[in-house]
Amino acid sequence: MFKDKKRGVTPFEDIVKAGTPLCELGQYQALPIDYEHFSYIPLPLLPPSLVGDDIGARISTFAMTNIVPFEPAVATLWKRAIAKASTYLSTSCLSVSKAPEIYILSGTTVNDVKVNVIGNGVTVPDMIWMSACCIQSDTVSSFAIFVYNTYDQTPSLVTVSAMQELLKVEFSKGAQSVAPDFRLYPGEDDRCHQMASKVSFLI
């Protein structure tokens, strides 16, 4: 849409200077310019390496709506943890011949009593998390990873059930102070939540 014949894609700053109609670009989603003059690093909430072989899905994960601001030190550790998770899933789940199914969830939490905002209304999350459940016929393996988005924090590997309870605690910190009742993986006869499905690997 914003092409320059000589330079390729036109930088966002040049689009603004040229007065090109932006169709409200940036009004409802984060843009690279929102991260200027801030130390936070934009990273995908759902990493492309965990999306699968569908090219369209991989490209779509780079949409700015899937990007969240990470504290720089946390970003380095989170990328390492996600790489370990991706390696585990590809070697212990996707490599088997039993037509495995992988269900991946990811998200953030924000304490709405004290919200940290950068750029044009981009909220900095308090915590980033992801979970995965691999189902191979009668075999189920699951895990979750989370990290608090501050300098001195490191990612932790926990069970899906522990992640669910932690999220309930985090959500209850809001203005309403009411813990929601939900299940991360309500299907498959609750097998993703059972202790027998937990796995462990170094992150």
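**Notebook: strands, helices and contacts of a predicted model**

**Entry 1. A pair across two strands.** I note that the model is a predicted one. The two strands concerned, β5 and β8, run antiparallel and are joined by nine bridges.

**Entry 2. The chain as a whole.** I then looked up the elements and recorded four helices and 10 strands in the chain. Read along the sequence, their pattern is β-β-α-β-α-β-α-β-β-β-β-β-β-α. The chain has 203 residues, and buried residues make up 37% of them. I also looked at contacts with a separation of 6 or more: residues 24 or more positions apart account for 57% of these.

**Entry 3. The sheet.** In what order do the four strands of the open sheet stand? I read the order as β5-β8-β9-β10, with antiparallel pairing. The edge strands are β5 (101-109) and β10 (156-158), each of which pairs on one side only. From one strand to the next, the twist averages 15 degrees.

I went through the remaining pairings in turn. Strands β8 and β9 pair in the antiparallel sense over 10 bridges, and Cys 134 has Ser 141 in β9 as its bridge partner. Strand β9 (residues 139-148) and β10 run antiparallel and are joined by three bridges. Here Ala 144 stands opposite Val 158 in β10.

**Entry 4. Helices on the sheet.** Helix α3 (residues 72-92) packs on the sheet and touches β5, β8 and β9. I recorded an angle of about 175 degrees between the direction of α3 and that of β9. Helix α4 lies across β5, β8, β9 and β10, and α4 runs at about 35 degrees to β9.

**Entry 5. Strand β8.** Which residues of β8 point one way and which the other? I found Met 127, Trp 129, Ser 131, Cys 133 and Ile 135 pointing one way, and Ile 128, Met 130, Ala 132, Cys 134 and Gln 136 pointing the other way. All of them are buried. As 10 of the 10 residues of β8 are buried, I describe the strand as largely enclosed by the rest of the structure.

**Entry 6. The disulfide.** My count came to one disulfide. The link joins Cys 133 to Cys 192, with an S to S distance of 1.9 Å. The angle about the S-S bond is -85 degrees, and the link of Cys 133 and Cys 192 is left-handed. Cys 133 lies in strand β8 (residues 127-136) and Cys 192 in the segment after α4 (160-171), so the pair ties together parts that are 59 residues apart in sequence. Are the two cysteines, Cys 133 and Cys 192, buried or exposed? I found both Cys 133 and Cys 192 buried.

**Entry 7. Aromatic rings.** I counted six aromatic pairs. In one of them, Tyr 88 and Phe 201 have ring centres 5.1 Å apart and planes at 15 degrees, so the pair is stacked. This pair links distant parts of the chain, 113 residues apart: Tyr 88 is in helix α3 and Phe 201 is in the segment after α4. Both Tyr 88 and Phe 201 are buried.

I looked next at Phe 146 and Tyr 148, whose ring centres are 5.9 Å apart and whose planes are at 85 degrees, so this pair is edge-to-face. Phe 146 is buried, with a relative accessible area of 13%, whereas Tyr 148 counts as partly exposed at 25% relative accessibility. I also noted a cluster in which ring pairs link Tyr 88, Phe 143 and Phe 201.

One ring has a charge over it: the charged end of Lys 168 sits over the ring of Phe 182, 5.8 Å from its centre.

**Entry 8. A loop residue.** Finally I looked up His 37, which is in the loop between α1 (12-17) and β3 (41-44). His 37 has a positive phi of about 70 degrees although it is not a glycine. With a relative accessible area of 80%, His 37 is exposed.

Key:
Residues numbered from 1 in each chain as written. Predicted model: local features only at pLDDT ≥ 70, side-chain atom pairs only at ≥ 80, totals over all residues. Heavy atoms only, no water. Disulfide = S-S within 2.5 Å. Buried < 20%, exposed > 50% of the residue type's maximum accessible area, 1.4 Å probe, protein only. Pairing = 2+ DSSP bridges. Axes fitted to C-alpha atoms, helices over the stretch in contact; angles between N-to-C directions. Contact = heavy atoms within 4.5 Å. Phe/Tyr/Trp six-rings, centres within 6.5 Å; stacked < 30°, edge-to-face > 60°. Lys NZ or Arg CZ within 6 Å of the ring centre and 35° of its normal.
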